[in-house]
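Please look over the sequence and the model before reading on.

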Amino acid sequence: MVSKEAINSAINNHVIWKRRLISAIESGKSEFQVAKVQKDNVCEFGKWLESLSAIDRSSTDFQTVKELHSSFHKTAANVLDLALKGQKESAMEKFNFNGTFGAISSKLTVALSNWKKKV
């Protein structure tokens, strides 16, 4: 079932991921593996999305969030990979607001907020 609490949790968890990526960029280290980060169905929110009913999954909001969530994970994995390879500048370029990750992250937050308004 779609709930405001689940969507708030997703927004908070993705803010935490942004902090983790900044830390990885700064230190060149992370407790997370790129291959695992790339998967969009192993995080708490991804599991929740997969658990929704067919009716919830048929909504435009679900489809938009699902697609953006998948892109979020792919771009986060890319940023993490660059960070772990010591390519700080490239990682930050993708992470920043105008970069690939920054743009996807912003779009995902907006989509989640729009979905929450309808719940």
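Which residue follows α1, and is its phi positive or negative? The residue is Gly-28, and its phi is positive, near 80°.

This is a predicted model, in which local features need pLDDT of at least 70 and side-chain atom pairs count only at pLDDT 80 or more, while totals for chains, interfaces and linings use all residues. Residues are numbered from 1 along each chain as its sequence is written, and side-chain values use heavy atoms, with hydrogens and water left out.

Helix α1 comprises 24 residues, 4-27; helices are DSSP runs of H or I with at least four residues, numbered from the N terminus. From first C-alpha to last, α1 reaches 35 Å, close to the 34 Å expected at 1.5 Å a residue, the expected span being 1.5 Å times one less than the number of residues. Among the buried residues of α1 are His-14 and Trp-17, where buried means under 20% relative accessible area with a 1.4 Å probe and protein chains only. The cover over the buried residues of α1 includes α2 (34-38) and α5 (60-84).

Helix α5 contains His-73, which is buried, with a relative accessible area of 5%. Among the residues that His-73 touches, leaving aside those up to four places away in sequence, are His-14, Val-37 and Cys-43; contact means heavy atoms within 4.5 Å.

How values were computed: Helix = DSSP H or I, 4+ residues; strand = E, 2+ residues; numbered from the N terminus. Buried < 20%, exposed > 50% of the residue type's maximum accessible area, 1.4 Å probe, protein only.
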